[in-house]
Amino acid sequence: MSHDARIEQLNLELPPPPQAMGLYKPIVQVGNLVYLSGHGPLQSDGYPLSGRLGADMDVDSGQAAARLTGLAMLSTLRNHLGTLDRVSRLVKLLGLVRCTESFNAQPAVINGCSELFREVFGNEAGIGARSAIGASALPADMAVEIEAIFEVE
C-alpha cells in the first residue's frame with residue numbers, strides 16, 4: 001500500500017505545512033536525503049501546544065503532542081515531495097522534550113511520533129535511529145520539538 005493511501009486508511013488529517021518562524025528552511029533536500037528542521041505540535045488553531053512534562057503534562061499528553069508534531073512533519077514532507085510515496089525510509093529522528101529536571105521518560109514521549117511514522121511507513125521504513133533528550137526550554141514553550149532525516153527516491 002502506498003504511504004499516501006495509508007494516510008487515508010488511517011483517517012489522518014495533515015495540517016497545513018508550518019511556515020518558518022525564523023531564519024531557516026523547514027526542509028532541505030541534499031541528494032536523496034531530506035532534512036526536516038525542528039517541528040512542534042501544531043493544534044488545529046495553528047498555535048503550538050505548550051506545556052512542561054513532569055509539571056503540567058503527563059506522558060500520555062506528551063505522546064499526543066509528539067504525534068501532532070509528526071503530523072506537521074508529514075505535511076511538510078508531502079508539500080515538498082508532492083507525495084509521501086517518494087519516502088524510502090526514516091533515517092534519524094531527534095526529539096526534544098520540554099520537561100522538569102526530574103522527568104526521565106523522554107523516549108516514551110517521542111514514541112508518539114515514532115509510532116505514527118511506523119503506522120504510515122511500516123515496520124522497516126518507518127523506524128530509524130533516534131535520540132530523545134530533555135530540554136528546559138523550547139520555542140513558544142512547546143512541549144516537544146522534533147527533527148528528522150528521511151531517505152527519498
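A polar contact is a pair of N or O atoms within 3.5 Å; within protein, one must be able to donate a hydrogen and the other to accept it, and residues adjacent in sequence count only if both atoms are side-chain atoms. The model is predicted: local features need pLDDT of at least 70, side-chain atom pairs count only at pLDDT 80 or more, and totals for chains, interfaces and linings use all residues. Residues are numbered from 1 along each chain as its sequence is written, and side-chain values use heavy atoms, with hydrogens and water left out.

**View 1. The ends of helix α2.** Helices (H or I, at least four residues) and strands (E, at least two) are DSSP runs, numbered from the N terminus. Helix α2 covers residues 59-81, 23 residues in total. Its first and last C-alpha atoms lie 32 Å apart, close to the expected 33 Å; the expected span is 1.5 Å times one less than the number of residues. D58 caps the N-terminal end, with a side-chain oxygen 3.3 Å from the backbone nitrogen of D60. Just after the helix, G82 takes a positive phi of about 90°.

View 2. Buried means under 20% relative accessible area, exposed over 50%, and partly exposed in between (1.4 Å probe, protein chains only). G70 lies in α2. It counts as buried because its relative accessibility is 0%. At 56% relative accessibility, N79 counts as exposed. Its C-alpha lies 22 Å from that of G128.

**View 3. R98 in strand β3.** R98 belongs to strand β3, residues 87-98. R98 counts as buried because its relative accessibility is 11%. A polar atom of its side chain lies 2.9 Å from the backbone oxygen of G51.

**View 4. The largest pocket.** On a 1 Å grid over the protein atoms alone, a pocket is an open set of points where a 1.4 Å probe fits, with protein on both sides within 12 Å along at least five of seven lines; lining residues have an atom within 4 Å of a point. The largest pocket holds about 580 Å³ of space. Of its 25 lining residues, P18, M21, G40, L42 and G46 are the closest to the centre. Strand β2 (33-39) and helix α2 each supply at least two lining residues. By class, the lining has 15 nonpolar, seven polar and three charged residues.

Methods
Points joined across faces, edges and corners; volume = space filled by probe spheres on them. Nonpolar A, V, L, I, M, F, W, Y, C, P; charged D, E, K, R; others polar.
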